[in-house]
Amino acid sequence: MKQAKLYVNAANRKSKINKEIYGHFSEHLGRCIYEGIYVGENSAIPNTNGMRNDVVEALKEIKTPVLRWPGGCFADEYHWKDGIGPKEDRKKMVNTNWGGVTEDNSFGTHEFMELCEQIGCEPYISGNVGSGTVQELAEWVEYMTFDGISPMADLRKKNGREKPWKLKYLGIGNENWGCGGSMLPEYYAHEYRRYQTFCRNFSGNELYKIACGPNAADYNWTDKLMSMLNTFHTKAISLHYYTIPTGDWSKKGSATEFSTEEYYKTIQNAYQIEELIVKHCEIMSKHDKDHEIGLIVDEWGNWFDVEPGTNPGFLYQQNTMRDAITASINLNIFNQHSDRVVMANIAQVVNVLQSVILTEGDKMIKTPTFHVFRMYRDHQEATLLDSYIDSCEAGEEVIVPALSQSVSIREDGSILITISNCDLQEEYEVTLDLVGKALGDCSAEILQSKMDAYNSFEDGHVVEPVSYEGYRVEGDKLILTVPACSVVSIKVK
Ligand code: AHR
């Protein structure tokens with residue numbers, strides 16, 4: 001067994017870990033919305049106003065704080081007025097980005113807001129800057145948030161919703177460097193400034209406006225964009241980064257059948273996000289010295305080849321213990337950078353890419369990634385503590401840090417330590433050196449399996465957390481065993 005030391009200074013309280021870091025993303029893509037979330041009121045699958053009860057319950061279990069919708073690239077072609085009013089009259093459209101299927105718009109603004117109400121999360125609307133108009137976006141905001149007499153508020157009332165909704169998060173465009181219009185940063189920045197001007201704060205509602213930030217390592221985009229924004233009308237910019245094992249979009253690799261080299265390559269590529277965050281934040285700080293503008297990683301996760309036999313445009317992939325390990329690494333990194341990372345949204349919530357939930361007919365399974373979100377949920381709204389681990393290396397051809405960790409403290413003084421070991425061979429004995437707080441009662445959970453183990457519709461309980469006794473207290477030290485290929489969470493009172 002290898003040894004490591006985890007140093008935690010409970011007296012050095014850092015940033016608040018916004019609950020929104022544990023956010024999700026839902027797009028009209030494949031079976032995410034239809035079948036995955038929304039089955040319609042007349043479905044035999046138990047539902048409330050068309051939303052699957054099992055999925056809503058699961059999203060409540062992980063305390064889903066925020067949900068982004070309607071895309072993604074879909075948002076760049078979405079015209080919200082097609083998705084309101086009597087369902088039989090709603091316009092049908094082609095979902096050009098995702099499989100060329102017919103979108104019947106039966107899930108629109110009212111349904112999305114109802115979904116968020118059922119889950120108890122904040123809605124995050126991604127507005128259409130790519131193919132929409134300023135007027136269209138301005139009217140959507142008016143429709144959702146204006147409490148009074150106006151053309152859009154009257155239309156909303158006619159469609160059955162008397163009172164406006166609260167809408168905080170508004171994305172002014174999605175991937176405008178790509179599917180959102182192939183714009184150059186200067187052009188987009190002008191568009192952003194114009195669009196946001198007409199998105200008003202109505203009736204006490206306060207919009208938190210999010211500009212379309214960079215794709216992965218496009219530092220030029222961040223620099224140009226930030227030089228043209230001001231903190232008065234921008235709360236955050238977004239960053240998109242997907243982990244692709246091979247780094248080759250045309251051959252990403254299978255979600256379930258992979259070599260140990262591919263496994264470590266995936267871990268290595270997942271770790272890349274830290275460098276992206278650090279470098280983009282450095283550029284942001286150059287233009288925004290007081291750190292008033294946040295960074296939102298509103299699309300992240302593993303992107304593999306689709307499951308054999310499924311529609312290539314639907315991006316359906318299984319989810320293994322490898323996904324749990326990369327989820328753990330990503331969430332630890334977001335926690336560690338929560339001074340600037342104010343939100344993150346894993347792509348995507350159900351049946352698409354690195355999902356927390358998969359469905360097939362009336363069956364639903366929780367993926368290994370789901371379990372990591374559940375084990376980490378008490379980090380939400382806690383305060384990050386200064387921590388450091390003298391991690392050893394894992395891997396053979398590809399070398400990565402073996403251990404990833406983050407530590408937070410809640411108002412009641414309890415500490416949550418989340419730690420993962422991506423090493424496929426070595427177990428670690430981690431000694432906690434805790435300064436500034438006495439050790440109280442501890443309780444732990446572990447998620448551990450083979451790297452390619454997954455939950456299937458035949459057996460949904462292959463990869464599941466169990467309570468864990470692999471720790472002991474010796475004097476003022478806590479000694480924790482972190483087995484190979486595992487994620488451990490430990491609460492210290
Ligand atoms: O999540 C899938 C797609 O990835 C989104 O639609 C797009 O924004 C990104 O390129």
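This is a predicted model: local features need pLDDT of at least 70, side-chain atom pairs count only at pLDDT 80 or more; totals for chains, interfaces and linings use all residues.
The protein chain contains nine helices and 26 strands. Its radius of gyration is 22 Å, close to the 23 Å that the globule rule gives for 493 residues, so the chain is as compact as a globular protein of that length. Along the principal axes, the C-alpha atoms fill a box of roughly 70 × 55 × 45 Å. Of the 493 residues, 61% count as buried. Among contacts with a separation of 6 or more, 76% are between residues 24 or more positions apart.

The accessible surface comes to about 18600 Å², and carbon and sulfur atoms account for 48% of that area. As for charge, the chain carries 48 positive and 71 negative side chains. The centres of these two sets lie 6 Å apart.

Strand β26 covers residues 486-492. Strand β20, residues 415-421, pairs with β26 in the antiparallel sense over seven bridges; within β26, S486 is the bridge partner of N421. Strand β22, residues 442-448, also runs antiparallel to β26 and is joined to it by seven bridges. Here E445 has S489 of β26 as its bridge partner. In a regular strand, side chains alternate between the two faces of the sheet.

The backbone has two cis peptide bonds to point out. One runs from W69 to P70, with omega near 5 degrees. P70 is in the loop between β5 (66-69) and β6 (93-95). The other joins A347 and Q348, where omega is about -15 degrees, and Q348 is found in the loop between β13 (341-347) and β14 (357-360).

The loop between β13 and β14 also holds N351, which has a positive phi of about 65 degrees although it is not a glycine. A positive phi is also found at K63, near 55 degrees, again in a residue other than glycine. K63 is placed in the loop between α1 (53-61) and β5. Which of the accessibility classes does K63 fall into? At 37% relative accessibility, K63 counts as partly exposed, whereas N351, at 1%, counts as buried.

Key:
Residues are numbered from 1 along each chain as its sequence is written. Side-chain values use heavy atoms; hydrogens and water are left out. Buried means under 20% relative accessible area, exposed over 50%, partly exposed in between (1.4 Å probe, protein chains only). Helices (H or I, at least four residues) and strands (E, at least two) are DSSP runs, numbered from the N terminus. Two strands pair if DSSP finds at least two bridges between them. The radius of gyration is taken over C-alpha atoms; the globule rule is 2.2 Å times the number of residues to the power 0.38. Contact means heavy atoms within 4.5 Å. Accessible areas come from the Shrake-Rupley method with a 1.4 Å probe; for residues, only the protein chains shown count as cover. Lys and Arg count as positive and Asp and Glu as negative; His and the chain ends are not counted. The place of a charge is taken as NZ of Lys, CZ of Arg, CG of Asp or CD of Glu.
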